[in-house]
Amino acid sequence: MVYFDHYPEPDWLSPHLVDAFWFVMTPIGIYGLIVAVKSQMSKGHWWLYLYALMGLLSLLHYNVETDNIMTITMHSLIWFQAICAFWLIGYVTMYFKNKSKH
């Protein structure tokens, strides 16, 4: 949020809106993890998928036309978040498949 103005963002997006989104997104991830750990993976995995998909929204930075030039650090942070989201989707999928076999 410190360098918000340096990232390519649509005109309607503000730092306050991004903060609000994180305050919605984080509890969804925590809830999904708690439900999944309590052996209710059939319910928890959907919450974890939702959390991961919200993490993939960072890739939308590449869909905004702007004069701002992104640094290597910016690209790295965007892709780190996306890779973690893809990893979570893969992990939850494999865990759920293995759990349903037993």
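**Figure 1. Overall fold of the chain, with 3 helices and 0 strands.** The chain follows the pattern α-α-α when read along the sequence, helices (H or I, at least four residues) and strands (E, at least two) being DSSP runs numbered from the N terminus. This is a predicted model, in which local features need pLDDT of at least 70 and side-chain atom pairs count only at pLDDT 80 or more, while totals for chains, interfaces and linings use all residues. Residues are numbered from 1 along each chain as its sequence is written, and side-chain values use heavy atoms, with hydrogens and water left out. Of the 102 residues of the chain, 29% count as buried, where buried means under 20% relative accessible area, exposed over 50%, and partly exposed in between (1.4 Å probe, protein chains only).

**Figure 2. Helix α1 and the residue that follows the helix.** Helix α1 has 23 residues and reaches 33 Å from its first C-alpha to its last, close to the 33 Å expected at 1.5 Å a residue; the expected span is 1.5 Å times one less than the number of residues in the helix. The buried residues in α1 are V18, M25, I28, G29, G32, V35 and A36. After α1 comes S39, which has a positive phi near 65°.

**Figure 3. The aromatic pair of Y31 and W47.** Rings of Phe, Tyr and Trp (its six-membered ring) pair if their centres lie within 6.5 Å, and planes under 30 degrees apart count as stacked, over 60 as edge-to-face and the rest as tilted. By this rule the count comes to 5 aromatic pairs. In the pair shown here, the ring centres of Y31 and W47 are 5.2 Å apart and the planes stand at 85°, so the pair is edge-to-face. Because Y31 lies in helix α1 (residues 15–37) and W47 in helix α2, the pair ties together parts that are 16 residues apart in sequence. Y31 is partly exposed, with a relative accessible area of 42%, and W47 is also partly exposed, at 35%.

Figure 4. W46 is exposed, with a relative accessible area of 56%, whereas Y49 counts as buried at 18% relative accessibility. A polar contact of 3.2 Å also joins the side chains of H45 and W46; such a contact is a pair of N or O atoms within 3.5 Å, of which, within protein, one must be able to donate a hydrogen and the other to accept it, and residues adjacent in sequence count only if both atoms are side-chain atoms. H45 lies in helix α2 and is buried, with a relative accessible area of 4%. The C-alpha atoms of W46 and V92 are separated by 9.2 Å, although these residues are 46 residues apart along the chain.

**Figure 5. The aromatic cluster of W87, Y91 and Y95.** These three residues, W87, Y91 and Y95, form one aromatic cluster.

**Figure 6. The loop between α2 and α3, seen at L57 and S58.** L57 is found in the loop between α2 (41–55) and α3 (72–101) and is partly exposed, with a relative accessible area of 41%. Together with F21 and L60, L57 forms a nonpolar patch on the surface, with about 250 Å² of accessible area for the three residues together. Patches are made of residues with over 30% relative accessible area and no salt bridge, like charges being joined within 9 Å and nonpolar side chains (Val, Leu, Ile, Met, Phe, Trp, Tyr) within 5 Å; a salt bridge is a side-chain nitrogen of Lys or Arg within 4 Å of a carboxyl oxygen of Asp or Glu. Accessible areas come from the Shrake-Rupley method with a 1.4 Å probe, and for residues only the protein chains shown count as cover. S58, found in the loop between α2 and α3, counts as buried at 8% relative accessibility, and the side chain of S58 reaches the backbone oxygen of G55 at 3.2 Å.

**Figure 7. C-alpha separations for A85 with L57 and for D11 with V64.** A85 lies in helix α3 and is buried, with a relative accessible area of 6%. The C-alpha atoms of A85 and L57, 28 residues apart along the chain, are separated by 9.7 Å. D11, in the segment before α1, counts as exposed at 83% relative accessibility.
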